[in-house]
Amino acid sequence: MSKEKKSALKEKKGVSVSETTDKSSIKSIKEKRSNKIAPSQLIASILNGNITALGKAITLIESKNRKHLKDANNVIMGCLPYANNSIRIGITGVPGVGKSTFIEAFGKHLTAQGKRVAVLAIDPTSTISKGSILGDKTRMESLAKDDNVFIRPSASGDSLGGVARKTRESIILCEAAGFDVIIIETVGVGQSEITVHSMVDFFLLLKLAGAGDELQGIKRGIIEMADAIAINKADGGNLKSAKLAKEEFSMALHLYPERPSHWQPKVTLCSAINSEGIDEIWKLVLDYMEATTKNGYFEVKRNKQSEYWLIQTIEEQLKFDFFNAPKIKKELEKQMKLIENKKTTPFAAADYLLNLKL
Ligand SMILES: Nc1nc2c(ncn2[C@@H]2O[C@H](COP(=O)(O)OP(=O)(O)OP(=O)(O)O)[C@@H](O)[C@H]2O)c(=O)[nH]1
Ligand SMILES: [Mg+2]
């Protein structure tokens with residue numbers, strides 16, 4: 001159909017040519033308003049180190065809307081070839097130990113050396129304490145103002161698995177944006193530190209002296225994961241007990257079997273608030289990097305982590321697709337009723353549902 005004919009037809013239908021142009025411009029206005037950016041454009045901006053684009057891309061991958069999944073995957077895939085070049089550091093410790101204050105001091109120490117630092121914080125307690133994340137961001141206020149720093153908190157709510165996967169993908173985006181050091185912060189409660197451990201190179205545990213749990217091994221698992229333990233708030237009247245705690249921890253750590261990394265975890269003192277002991281911890285990180293790169297452990301660990309996340313992602317996706325299939329939703333309800341009425345067993349019902357053609 002010729003242009004003239006089309007517009008004549010539209011005019012007949014009561015739609016003017018200018019209205020159709022309006023429609024397309026409305027569409028682009030809508031896109032602009034919703035800040036929708038094409039994945040290719042996002043990737044290009046991220047690779048240019050644009051922090052706003054990085055934030056938008058992370059929002060995209062965090063979206064629970066199924067419609068965003070394709071764009072999100074495209075962005076991640078586009079960034080992937082440029083990832084892998086950072087030092088990933090996990091930081092954990094009980095609430096109030098000084099994680100945020102430490103990251104502020106540590107981050108400033110790194111930016112002073114010309115490094116670009118990204119901080120991704122997973123907060124599994126946010127559903128209980130509501131808003132502790134916001135508090136955190138204000139605590140890291142002066143660090144957040146630095147152009148070479150990117151800070152992104154996320155509340156895990158009740159799904160640590162999902163948020164952690166997004167955090168892992170966020171690492172890729174941050175690396176593509178040229179960040180040299182990526183810090184993942186989490187509160188040392190529950191499962192979160194295990195998850196964070198599975199995505200970092202170096203794991204730092206912050207401790208307080210005199211918390212009464214020194215030799216009970218706290219949660220033994222965390223000690224075993226830590227590549228370094230920093231006793232924070234080693235200042236003022238606290239210094240003496242901090243020094244004592246350092247000795248006790250050092251002795252206790254020697255009782256653990258040698259690690260696959262052949263790295264002997266270190267114990268140090270620091271005062272985050274006074275920026276003391278920060279350089280020593282950074283040097284430890286660099287020592288660790290050098291030692292594990294030389295002995296090949298660094299590569300092995302990153303590969304193992306990738307395998308772990310591959311399996312995790314598949315499991316999560318399969319579960320999501322299964323439970324969101326309309327047929328399953330309907331049949332699951334029916335099977336539940338049958339179980340209630342003792343007409344079937346959970347195992348027979350599972351078998352039936354898993355064998356349905358979706
Ligand atoms: N004396 C002293 N106080 C510190 C030090 N580091 C942090 N603090 C104080 O300890 C309190 C808690 O510090 P945060 O940095 O918020 O601790 P956090 O571990 O991030 O706490 P959550 O985010 O609640 O888990 C604040 O009042 C800090 O000022 C330190 O090195 N020495
Ligand atoms: Mg904090």
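Guide: Let's begin with Asp-227, which counts as buried at 4% relative accessibility (buried is under 20% relative accessible area, exposed over 50%, partly exposed in between, with a 1.4 Å probe and protein chains only). The model is predicted: local features need pLDDT of at least 70 and side-chain atom pairs pLDDT 80 or more, while totals for chains, interfaces and linings use all residues. Residues are numbered from 1 along each chain as written, chains are lettered from A and ligands numbered from 1 in written order, and side-chain values use heavy atoms, without hydrogens or water.

The partner of Asp-227 is Arg-259: the two form a salt bridge, with 3.8 Å between the closest N and O atoms (the rule asks for a Lys or Arg side-chain nitrogen within 4 Å of an Asp or Glu carboxyl oxygen). Asp-227 sits in the loop between α12 (220–225) and β6 (228–232), and Arg-259 in the loop between α13 (239–254) and β7 (266–269), so their pairing ties together parts 32 residues apart in sequence (helices are DSSP runs of H or I with at least four residues, strands runs of E with at least two, numbered from the N terminus). Arg-259 is buried as well, at 14% relative accessibility.

Glu-175 and Arg-88 meet through their side chains at 2.8 Å, N to O. Glu-175 belongs to helix α10 (residues 160–176) and Arg-88 to strand β1 (residues 87–93), so this bridge ties together parts 87 residues apart in sequence. Both Glu-175 and Arg-88 are buried.

Glu-104 and Lys-108 make another salt bridge, their closest N and O atoms lying 3.3 Å apart. Here both residues lie in helix α6 (residues 99–111), 4 residues apart, about one turn of the helix. Glu-104 is buried at 13% relative accessible area, whereas Lys-108 is partly exposed at 39%.

The largest nonpolar core holds 49 residues, and Val-75 and Leu-173 have the most contacts inside it (a core joins buried Ala, Val, Leu, Ile, Met, Phe, Trp, Tyr and Cys through side-chain atoms within 4.5 Å). Domain 2 (36–81) and domain 3 (83–296) both contribute residues, so this core lies between them (the bounds come from an automatic or database assignment). A second, separate core has 34 residues, among them Ile-87, Ile-103, Met-140 and Phe-298.
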